[in-house]
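Hello,

Here is the structure I said I would pass on. My notes follow below it.

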Amino acid sequence: MNRTDRLYGLVEELRAASPRPRSARRLAERFEVSARTIERDLAALQQLGLPIWAEPGRAGGYVIDASATLGPAGFTLDEALAVLIGLGGLRRSPFRQPAQTAARKLLAVMPEREAARASAFASRVHFLESDESDESDGGGESEESTAPVPAPVDFAEALRADRVVQLRYQDAGGAESVRDVEPLGSIENGGQWYLIAWCRLRQGVRAFRADRMLAVRVTDERPPRRVLRAEDLAIPYGRLRSVVDD
């Protein structure tokens, strides 16, 4: 469990027990860390303004006001990324202005390091949108017009892990292969999600459809740094827009 998850968990643990106290030792056992780490975490939560206090004595410990909650600063990285992606999907809606300000507020109240990571990962997610010219001349439908299938749960981890990912993948013809790939980003198009990655088997950038991923395994290997260019994707229609573009 990372520290952000633990801080959120501590608040919920104390709220569930309130008004009874929880000792640092018991909390340390619950979260599998040292009592000293718990004390540092509780001090950090107090600095954020949460009403946590210590009750002295053998039966004492830490208590929180049951009405207290940890706000957006308690979002996990995946939760913040999901919110940014969701808000980014409103950029062409009547709610585009409040969506932009909501995204700024979310990042502003998160810890600086976590906000930077969430923003960096969100910048790698794009929506594929039609060009205005395509909309005006009635261009044909995308060949990927099938009903969207949910992406595997490991899709997000593959995108943000900054590690080489091993895919067991089924192509359009039904043939299966195992690929070691270096994730570069992702694209959403009509509800269908794609992982864009450098494929070591093909020695080039490829788009892997989420619904054709039979297994996803994140390895411990860090890939070399690569820059993804729009021309590498050879998209014949539409344009790419980043979730975090203004």
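The charged end of Arg226 lies over the ring of Trp198, at 4.1 Å from its centre; a charge sits over a ring if NZ of Lys or CZ of Arg is within 6 Å of the ring centre and within 35 degrees of the ring normal. Arg30 is likewise placed over the face of Phe31, 4.6 Å from the ring centre.

This is a predicted model, in which local features need pLDDT of at least 70 and side-chain atom pairs count only at pLDDT 80 or more, while totals for chains, interfaces and linings use all residues. Residues are numbered from 1 along each chain as its sequence is written, and side-chain values use heavy atoms, with hydrogens and water left out.

There are two aromatic pairs in the structure (Phe, Tyr and Trp rings, the six-membered one for Trp, with centres within 6.5 Å; planes under 30 degrees apart are stacked, over 60 edge-to-face, the rest tilted). Phe155 and Trp193 pair edge-to-face, with 6.4 Å between centres and 70° between planes. Phe155 is in helix 8 and Trp193 in strand 6, 38 residues apart (helices are DSSP runs of H or I, at least four residues, and strands runs of E, at least two, numbered from the N terminus). Phe155 is buried at 7% relative accessibility, whereas Trp193, at 22%, is partly exposed (buried is under 20% relative accessible area, exposed over 50%, partly exposed in between, with a 1.4 Å probe and protein chains only).

Tyr169 and Phe208 are also edge-to-face, because their ring centres are 5.1 Å apart and their planes at 90°. Tyr169 is buried at 7%, and Phe208 is buried at 2%.

Regards
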